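Q: Please take me through this structure feature by feature, with the general idea before the case.

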Amino acid sequence: MAKKQKNVANTTVSAKSGSKTVKNQSKKNKKKNIFRRMANYFRELKNELKKVVWPDKKKTFQGTIVVMVTIIIVLIFVVLADLLFQFLLKLLLGQLS
């Protein structure tokens with residue numbers, strides 16, 4: 001109920017301030033030109049990238065090694081599982097030599 005009263009109060013205030021406020025709000029609600037929006041996006045992207053803490057060479061190398069070892073472990077697991085399922089399927093179908 002408090003929210004309704006607050007919204008009503010804001011509407012009343014903006015209505016009292018005149019049509020000038022309504023014109024300013026309509027200008028703010030309009031979409032900007034696509035090129036301005038793109039330029040704004042890249043400007044904000046550049047500012048965010050300045051805040052990033054990039055890892056040093058040693059941490060990057062360590063992370064790469066961890067990823068490679070993990071890939072090799074998963075590869076071995078998948079190959080062994082494939083061989084096991086292939087053996088079980090041949091055994092089930094009676095095609096074992």
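A: Start where a helix begins. A polar contact is a pair of N or O atoms within 3.5 Å; within protein, one must be able to donate a hydrogen and the other to accept it, and residues adjacent in sequence count only if both atoms are side-chain atoms. Here a side-chain oxygen of N33 comes within 3.2 Å of the backbone nitrogen of F35, at the start of α3. This is a predicted model, in which local features need pLDDT of at least 70 and side-chain atom pairs pLDDT 80 or more, while totals for chains, interfaces and linings use all residues. Residues are numbered from 1 along each chain as its sequence is written, and side-chain values use heavy atoms, leaving out hydrogens and water.

Q: Which elements does the chain have, and in what order do they run?
A: Helices (H or I, at least four residues) and strands (E, at least two) are DSSP runs, numbered from the N terminus. The chain has four helices and zero strands, in the order α-α-α-α.

Q: What span should helix α3 have?
A: The expected span is 1.5 Å times one less than the number of residues. Helix α3 (residues 34–51) has 18 residues and should span 26 Å, which agrees with its end C-alpha atoms being 26 Å apart. After α4 comes G94, with a positive phi near 75°.

Q: Which residues form an aromatic pair?
A: Rings of Phe, Tyr and Trp (its six-membered ring) pair if their centres lie within 6.5 Å; planes under 30 degrees apart are stacked, over 60 edge-to-face, and the rest tilted. A search of the whole structure gives one pair. Y41 and F42 are edge-to-face, 5.3 Å centre to centre with 75° between the planes. Y41 belongs to helix α3.

Q: Which residue forms a salt bridge with K51?
A: A salt bridge needs a side-chain nitrogen of Lys or Arg within 4 Å of a carboxyl oxygen of Asp or Glu. The structure has one: K51 with E48, closest N and O atoms 3.3 Å apart. Both lie in helix α3, three residues apart, about one turn of the helix.
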